[in-house]
Structure formats: C-alpha cells, structure tokens
Amino acid sequence: MSDTTATSGLGRKLAGAAFWSAANTALLRLGQLGISIVIARLVAPDEFGTFVVALVAYQIIISVSEIGVSSALVREVDNADRIAPTVATIAIASSSVLALLMFLAAPAFASALGAPAATDAVRVLAIPLLLAGPTAVPAALLTRDFKQGRKMITDVSSFVVANGLLLVLALQGHGVMALAWSRVAGQVVSAIMIFIVSTHRYRPGFDRREAKRLLRFGMPLAGANVAGFTLNDLDFMVVGKLAGATQLGYYNLAFTVSSWPPNIFTVILYSVTLPALSRVTGGVKEMVRHISAALSAVCSASFPITTACVVLSTPLVTFVYGERWAPPRRSWPSWPSSDRSR
C-alpha cells in the first residue's frame, strides 16, 4: 500500500470520525437541553442544587477511575494484545477502590459542600463509577479505531433509557434521587451497549512490567484530569459551601443558560473544521486564514445571541424553566428614619 493511499484512508477515517462525533454531540446536547427544561419544572431548586453537589463528586472521581491507563491503548495502536489485559485489570481495580471510597466519604463530602442531603445521591453515583472499570478497554478501542458511529449508538441508547427513567421518577416526586438513579440506569445501558458494539474483547490479566509502564504513563494524565475537573467545578463547590443547595441550584441553571450560545456554535465549528482543514493545500498561512475566518463568523453569530440572553435573562428563564426559577425581587433596604424636626 502506497503512502498516498494510506494517507487518503486515514483522512477518510478522520473525516468520518469527526462527522459522527459532531452529530453525537449535537444530538445529545439538544436532547439534554429539552430534558433539563422538563426536569426544571418538576424538581425544586434546592433538590437540583443537592444533585449538583453529588454530580461534582462523581465528575471529579470518574476522571481518574482508570488512572489514565486506557489512553495507552489509543496511543499504542499495535500493542493492544499485549497491554489490554493489564489495562483491564488496573481499570477494574482502581474504579472499584474509588467507588468504595466515594461511598464511604459521601457524608463528609456532602457536608463540606453545604448540602448534607446529597449524601444518598453521592452514594448512588458510586455505582456508575464501579461500572466504568470493565468498559475502559472496549471504550478506548472504539476511540482508537475511529468507531465514533458505534459510540454514538451507545450514547444515544444510554441517553434514552436514563432520561426516560428520570422523567418517570421525577413525575412520581422522587426529586434528587430520580436524578441519581437515572445516571445509574444510563451507565448500565452504556456498559452493555459498549460490549455489544465492541469488536475487540480482552479478559483481565496482569503483567508487572507492563503495569509499571502503564502507571508511569497514566498517572500524570489522571492528575491532569483531576486538576482540570476540580478547577472546572471549583465555582460550584464554592457556591454550594457558602450559599447552600438552593442557591447552587439557581447558579447551575444560570450557568447552563449562559452556556447555550458557545455550546451551539462550538458543535457547528467542530463538525466542519477538520474536514475543511484537511482540504487546505496552501500551507500554514492559508490554514491560519481559514481558521481566522471561521472564528470571526462564529463570534459574529454568537455575540448578538449572547447579548440577548443577558438583556432578556429574566423573561427567558421564567418562560423556559418556569416561575419557580425566578426568585422574588428583593426590596431595597430600609434605612432608619431620621428625625428632621430636631
């Protein structure tokens, strides 16, 4: 096979992966937006804020559930048969230990963030963390082999089941636990679908030499993930600690609404950037010109929408999410009256 043919084949794979990844992201974001609107009308702000506390704990710990070792499978294309069994063992062991720690530390973590009521939700979210280990290898291989189309099948299946259960439980008045158990259902379905669509299956094994090499590679990645997610969620942790669960619920909704414009246009940009740049043949200068033009177009389109969100924030929130998310206006402070007759 010539270098030209190999390059062309890789380009087609990249373009296909970019398309399916963008389609998956766009579909899930739009679906999640619709579900969030419905759930916001069913779940009270304090319950929503309580779930955000549990979700912060889950997102930070899930980022290191397999200690970064699965990334080695994506990088080392030709060594999967040798390292995959050891990766599977490390991922299963680390996710199990972290799930146990999350379950035991739930009361302390929830209290530290100002929402002791989130304890049960944090414990429930330890279950999907436990399931992350067995799926680490097949999920990494799907990414390595540019099987984003199959990944989309797993994500959509998980989304449908999780949010279907969420709506049923929320309508029955289960509040924050509806949100937590829906995540568990989604992770269970995701795990099952990943094994169904996966083309490679490896049983756990262990090679001490490979384990040392994998940990040297994965631990810095895991540390970077923890730092990234912690910084990303730091504002939620501070708001929860200082203002409590109810105000955290309001803050989370405000953050979500303010993220609409960049999220929408980022998906569009992702879907066209890679295929477009793959056709650029004029060198770095032409590539820079195309990127600048794309960013200018995105900024020009998003600026008026962002401005409208700021100006119309109150009617937008009350119209989309309901009156319960519009706290009563605070009256101006009353100053002590002075006796002017003196």
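Biologist: Which helices are part of what covers the buried residues of H7?

Modeller: This is a predicted model, where local features need pLDDT of at least 70, side-chain atom pairs count only at pLDDT 80 or more, and totals for chains, interfaces and linings use all residues. Residues are numbered from 1 along each chain as its sequence is written, and side-chain values use heavy atoms, with hydrogens and water left out. Now, the cover of H7 includes helix H3 (71-75), helix H4 (80-112), helix H6 (126-132), helix H8 (148-171) and helix H9 (176-197). Helices here are DSSP runs of H or I, at least four residues, numbered from the N terminus.

Biologist: How many residues of H7 are buried?

Modeller: Buried means under 20% relative accessible area with a 1.4 Å probe, protein chains only. Helix H7 (residues 136-144) has 8 of its 9 residues buried, so the rest of the structure largely encloses it. Among them are Val 137, Pro 138, Leu 141, Leu 142 and even Arg 144. Just past H7, Phe 146 takes a positive phi of about 60°.

Biologist: And Ser 158, buried or exposed?

Modeller: Ser 158 sits in helix H8 and counts as buried, because its relative accessibility is 14%. Its side chain reaches the backbone oxygen of Gly 186 at 2.7 Å. Contact means heavy atoms within 4.5 Å. Neighbours within four places in sequence aside, Ser 158 is in contact with Gly 186, Gln 187, Val 189 and Ser 190.

Biologist: How do I read a helix pair, and at what angle do H11 and H14 cross?

Modeller: You describe two packed helices by the angle between their axes and the distance between the axes. The axes of H11 (residues 245-258) and H14 (residues 313-321) come within 12 Å and cross at roughly 105°. That makes H11 roughly perpendicular to H14, a label for angles of 65 to 115 degrees. In H11, Leu 253, Thr 256 and Val 257 meet Leu 316, Val 317 and Tyr 321 of H14. The residues of this contact split into 5 nonpolar, 1 polar and no charged.

Biologist: Which residues touch the most other members of the largest nonpolar core?

Modeller: A nonpolar core is a set of buried Ala, Val, Leu, Ile, Met, Phe, Trp, Tyr and Cys residues joined through side-chain atoms within 4.5 Å. Of the 50 residues in the largest one, Ile 39, Phe 48, Phe 51, Val 56, Met 102, Tyr 321 and Trp 325 touch the most other members. Helix H2 (residues 45-62) gives this core its largest share, 11 residues. Apart from it lies another core of 17 residues, including Ile 67, Ala 84, Val 87 and Ile 90.

Technical notes. Axes are lines fitted to C-alpha atoms, for helices over the stretch in contact, and angles run from 0 to 180 degrees between N-to-C directions. Helices (H or I, at least four residues) and strands (E, at least two) are DSSP runs, numbered from the N terminus. Angles under 35 degrees count as roughly parallel, over 145 as roughly antiparallel, 65 to 115 as roughly perpendicular and the rest as oblique. Ala, Val, Leu, Ile, Met, Phe, Trp, Tyr, Cys and Pro count as nonpolar, Asp, Glu, Lys and Arg as charged, and the others, Gly among them, as polar. A polar contact is a pair of N or O atoms within 3.5 Å; within protein, one must be able to donate a hydrogen and the other to accept it, and residues adjacent in sequence count only if both atoms are side-chain atoms.
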